[in-house]
Amino acid sequence: MPRKKEALRKKAKNKTGKIIPKKGKQESPKTAEKETKAVAAKKGFQLVRGMKDIVPKEGGYWRLVSTKAAAIAEAYEFVYAETPIVEQAALFVRSLGKGTDVVEKEMYFFEDHDGNRLCLRPEMTAAFARAYISHGMHSLSQPVKLWNIGPLFRHDRPQAGRYRQFHQFNCESFGVRDPAIDAELVSVAYHFLKDLGIASLVHMNSIGNTEDRGRYVVELTAYLRTKRSYLSELSKKRITKNPLRVLDSKEEQDQPIIEEAPQIVDWLSDESKKHFMQVLEYLDALNIPYALRPTLVRGLDYYTDTVFEIYEAEGETSSEPAQALGGGGRYDLLVEQLGGQPTPGAGFALGLERVISLVRKQYQKEDGTGGLPEQRSPFFFAHLGEQARQRALPLIEDLRQDGILVHHNVAKPALKSQLELANKLHVSHAVILGHKELQDGTIIIRDMASGIQEIIDQKKLRRELRKILEKQAAS
Ligand code: AMP
């Protein structure tokens, strides 16, 4: 052991396992760093509260869901785009509104080394609106339809289905105000879930334009004031701060008051009413199941007219208050508010953690067994010795380029353990490259069930494996 390391080891050996610097000596930053590492190695780092690893047994579900998202977004002609995770904090304060929980309590703010006030994006719509303006997308053919899947950050109270880093599938459509756009977005979200085997119900409402809402808020505030003493503490606070949010309350004691509250649909202008009716007509024509929810307001400042949320259809019957799988709506003033040209827009976001937990339920039994059917190759490539291992890699690459995938394990030198693994993977055939085959340019194909082996020219490997695949496909 090098002297330096040995000295460090001795230093590290006290009762607590901590490195103690020599008495009277100032601890150097390097020693401090080593100390931190030593302690961390002993204890192990913890996952940050509210964060979530995607572990291998979940990987297949993430791949499945993101593939489906890409397929449906592209079928509806949304184009993939992405924005940075870090944005100016003011972007979200301006667009979501000061009185919202996301801005007031949940945003991850920080100052960088240049003193800029930045944040980790808490949602996608404002970020995409910023990108639309930054890249002059108003000069493209409208609507500009963008989609992505990405991480969002909110310092929320962690609980089931609620994390501080989570992922959404987002679709946004900029540049056209037409009920068909709103309906198309609902349709994408609904069919994405349906394609994943999730039956959903869309909750629909309209919150009208700014003037409609302004008049309604006056009426709602007056009503809530008369009921103040019956409301929960949180809702009492919201009467002055953000009265629309009272309608979002999940507190039981607030429910009778919310039910009796004036309804925003009665304050809609003729134009907003007509727009909403047309959206519903489109949904009828598309056979999308929806329910009108007069108290649905979505709680963010940028929404205008159509708002919607999507719930699991059966979730309605459970005793727990159902969590929305996603939501969205129209935001016709957002781009202009952020400094762009007047540009209508609408979009939705679906939470992937919640969607994936429902997809997993379909495949997993209650005892935790079961899972996604894996698409495995029927071939295992076994090598005998170092030289064969070297030759195996280009042979496997040749096969892959021809669309033939094989299992292989570079870390198991013994042929016996490789064949044991092949058995575990239930492959139908093993391809074996030993010393002799290496010398004479041949290779063995072994039928795992019968044990019958065939020696062929290495050049014929592709053809032989393809024949086997075709035979298997036909049977
Ligand atoms: P929102 O824009 O807040 O309505 O969020 C849209 C969707 O994102 C929700 O319906 C959830 O599925 C998901 N979502 C929002 N916040 C979280 C969170 N903290 N953890 C997990 N998923 C979330």
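Helices and strands are DSSP runs, numbered from the N terminus. In this predicted model, aspartate 248 is placed in the loop between helix α9 (233-241) and helix α10 (255-260).

## Overall composition

The protein contains 17 helices and 16 strands. Of its 475 residues, 44% are buried. Among contacts between residues at least 6 apart in sequence, 68% join residues at least 24 apart.

Buried means under 20% relative accessible area. Aspartate 248 has a relative accessibility of 19%, and therefore counts as buried. Apart from neighbours within four places in sequence, aspartate 248 is in contact with Val297, Arg298 and Gly299.

Arginine 238 belongs to helix α9. Its relative accessibility is 10%, so arginine 238 also counts as buried. With neighbours within four places in sequence set aside, the contacts of arginine 238 are Asp101, Pro243, Arg245 and Val246.

## Strand β5 and the aromatic residues

A search of the whole structure finds ten aromatic pairs. In one of these, the ring centres of tryptophan 147 and phenylalanine 169 are 6.0 Å apart and the ring planes stand at 80 degrees, so the pair is edge-to-face. Tryptophan 147 lies in strand β5 (residues 144-153) and phenylalanine 169 in strand β6 (residues 165-174); the pair therefore ties together parts that are 22 residues apart in sequence. Tryptophan 147 counts as buried at 5% relative accessibility, and phenylalanine 169 is buried with a relative accessible area of 0%. Both residues belong to an aromatic cluster formed by Tyr80, Trp147, Phe169, Phe192 and Phe348.

Lysine 145 takes part in an arrangement of another kind: its charged end sits over the ring of phenylalanine 78, 4.9 Å from the ring centre.

Phenylalanine 153 is also in strand β5. At 9% relative accessibility, phenylalanine 153 counts as buried. The C-alpha atoms of phenylalanine 153 and proline 122 are separated by 4.8 Å, although the two residues are 31 residues apart along the chain.

## The surroundings of the ligand

The ligand is surrounded by 14 residues, of which the closest are Arg154, Tyr163, Gln168, Arg298 and Leu325.

| Residue | Ligand atom | Distance |
|---|---|---|
| Tyrosine 163 | nitrogen | 2.8 Å |
| Leucine 325 | oxygen | 2.9 Å |
| Glycine 326 | oxygen | 3.2 Å |

Arginine 298, one of the closest residues to the ligand, is also one of the contacts of aspartate 248. Arginine 298 is located in the loop between β8 (290-292) and β9 (304-312).

## Backbone geometry

Most residues other than glycine have a negative phi, and most peptide bonds are trans. Which residues other than glycine have a positive phi here? Arginine 298 is one of them, with a phi near 70 degrees. Histidine 426 is another, with a positive phi of about 55 degrees. Histidine 426 lies in the loop between α15 (415-424) and β14. With a relative accessible area of 68%, histidine 426 is exposed.

A cis peptide bond joins glutamine 142 and proline 143, with omega about 0 degrees. Proline 143 is placed in the loop between α6 (125-134) and β5.

## Helix α14

Helix α14 (residues 386-401) has 16 residues. From its first C-alpha to its last, helix α14 reaches 24 Å, close to the 22 Å expected at 1.5 Å a residue.

Which residues of α14 are buried? They are Ala388, Ala392, Leu395, Ile396 and Leu399. An α-helix has 3.6 residues a turn, so residues three or four places apart point the same way. The elements that cover the buried residues of α14 include the strands β12 (379-383), β13 (407-408), β14 (429-433) and β15 (442-447), together with the helices α16 (435-440) and α17 (461-474). After α14 comes glycine 403, whose phi is positive, near 80 degrees.

Methods. Residues numbered from 1 in each chain as written. Predicted model: local features only at pLDDT ≥ 70, side-chain atom pairs only at ≥ 80, totals over all residues. Heavy atoms only, no water. Helix = DSSP H or I, 4+ residues; strand = E, 2+ residues; numbered from the N terminus. Expected span 1.5 Å × (residues − 1). Buried < 20%, exposed > 50% of the residue type's maximum accessible area, 1.4 Å probe, protein only. Contact = heavy atoms within 4.5 Å. Phe/Tyr/Trp six-rings, centres within 6.5 Å; stacked < 30°, edge-to-face > 60°. Lys NZ or Arg CZ within 6 Å of the ring centre and 35° of its normal. Near = heavy atom within 4 Å. Polar contact = N/O pair within 3.5 Å; in protein donor to acceptor, adjacent residues only side chain to side chain.
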